[in-house]
Amino acid sequence: MIGFFTDSTWIEVELLFAAFLLCSLIGVERQMRQKSAGYRTHVLVGLGACGFTLVSAYGFGEVLGADVTLDPSRIAAQIVSGIGFLGAGVIFKAGSAVRGLTTAATVWEAAAVGMACGAGMISLGVALTVLHLLTLFVFAPLLRHLPSADRNRVIKITYIDGGGVLRDALARATSMGYSASVLSSHRSSVADVPAVRVTVRFHGRQPLTDLVPSLGGLEGVESVELVGAARGGDDDTV
């Protein structure tokens, strides 16, 4: 039956609403963290995936016949391929650090939730959403407290006084996904030029060995030392 209302209209509306609600929960989490793909992107991806799945499931009933058969899974397979391009658009590389992978994964997941709802598998969509929220709100914060090789390591930066070198160093670290806290500082000299030596503790998802060369390349930085109890107490210096 072709028209505004069909035999499957209310089922389609129900499944679309389920996709909207579940993908909204995923999108809100990304929006709260101010990620590049937030609420709107995730909801639209989920609704689009659900819509394509519904078209695949219910849209071609009128053309079925003895000589016509359809494979609803073909559209689903194309959704999976297409979302890969959208997810790649939110991945950014800053130096040696890669950012946006989690957001790209949630866009992929929102498509899966939409497809599950479109296929009538609402329980699967709910399970995906619940596990998503548990992963990012419960397990991820717990994992940050696990010991790592950089837990007891600090970076000592010696730079020429003046010119905002420390500000530039902290901005560079922030752009690479690190947070910083200055533990100590004292004045020194490099070739009779006034200098400052600061000890900074950095926290980030990437190892500190990725940050040291980047800081060492800043203008005005004389040396960068990675100091602490890791790998038998070895120090890395740039």
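## Order of elements

From the N terminus on, the elements of the chain follow the order α-α-α-β-β-α-α-β-α-β-β-α-β-β, which comes to 7 helices and 7 strands; helices are DSSP runs of H or I with at least four residues and strands are DSSP runs of E with at least two, both numbered from the N terminus. The model is predicted, so that local features need pLDDT of at least 70 and side-chain atom pairs count only at pLDDT 80 or more, while totals for chains, interfaces and linings use all residues. Residues are numbered from 1 along each chain as its sequence is written, and side-chain values use heavy atoms, with hydrogens and water left out.

Of the 238 residues in the chain, 32% are buried, where buried means under 20% relative accessible area, exposed means over 50%, and partly exposed lies in between (1.4 Å probe, protein chains only). Among contacts between residues at least 6 apart in sequence, 67% join residues at least 24 apart, a contact being heavy atoms within 4.5 Å.

The axes of helix H2 (residues 39-58) and helix H3 (residues 73-88) come within 8 Å and cross at roughly 160°; axes are lines fitted to C-alpha atoms, for helices over the stretch in contact, and angles run from 0 to 180 degrees between N-to-C directions. That angle makes H2 roughly antiparallel to H3 (angles over 145 degrees count as roughly antiparallel, under 35 as roughly parallel, 65 to 115 as roughly perpendicular and the rest as oblique). The crossing of H2 and H3 is right-handed, a term used if the near helix is turned clockwise from the far one by less than a right angle, and left-handed if anticlockwise. Val-45, Ala-49, Phe-52, Thr-53 and Ser-56 of H2 meet Ser-73, Ile-75, Ile-79, Ile-83 and Leu-86 of H3, and these residues divide into 7 nonpolar, 3 polar and no charged; Ala, Val, Leu, Ile, Met, Phe, Trp, Tyr, Cys and Pro count as nonpolar, Asp, Glu, Lys and Arg as charged, and the others, Gly among them, as polar.

H2 also packs against H4, at an angle of about 35° and with the axes 7 Å apart, again in a right-handed crossing. On the H2 side the contact includes Val-45, Ala-49 and Thr-53, and on the H4 side Thr-106, Ala-110 and Gly-114 are among the residues met. By class, this contact has 9 nonpolar, 8 polar and no charged residues.

## Helix H4 with H5

Helix H4 (residues 101-118) and helix H5 (residues 122-143) have axes that come within 8 Å and cross at roughly 160°, and they are therefore roughly antiparallel to each other. H4 passes H5 in a left-handed crossing. Thr-106, Glu-109 and Val-113 are among the H4 residues in this contact, which on the H5 side includes Leu-128, His-132 and Leu-136; by class the contact has 7 nonpolar, 5 polar and 1 charged residues.

## Salt bridges

The count comes to 4 salt bridges, each defined as a side-chain nitrogen of Lys or Arg within 4 Å of a carboxyl oxygen of Asp or Glu. In one of them Arg-30 pairs with Glu-29, the closest N and O atoms being 2.9 Å apart, and both residues are buried.

Asp-161 forms a salt bridge with Arg-187, with the closest N and O atoms 2.4 Å apart. Asp-161 lies in the loop between strand S3 (153-160) and helix H6 (165-175) and Arg-187 in strand S4 (residues 179-190), so the pair ties together parts that are 26 residues apart in sequence. Asp-161 is partly exposed, with a relative accessible area of 33%, whereas Arg-187 counts as exposed at 62% relative accessibility.
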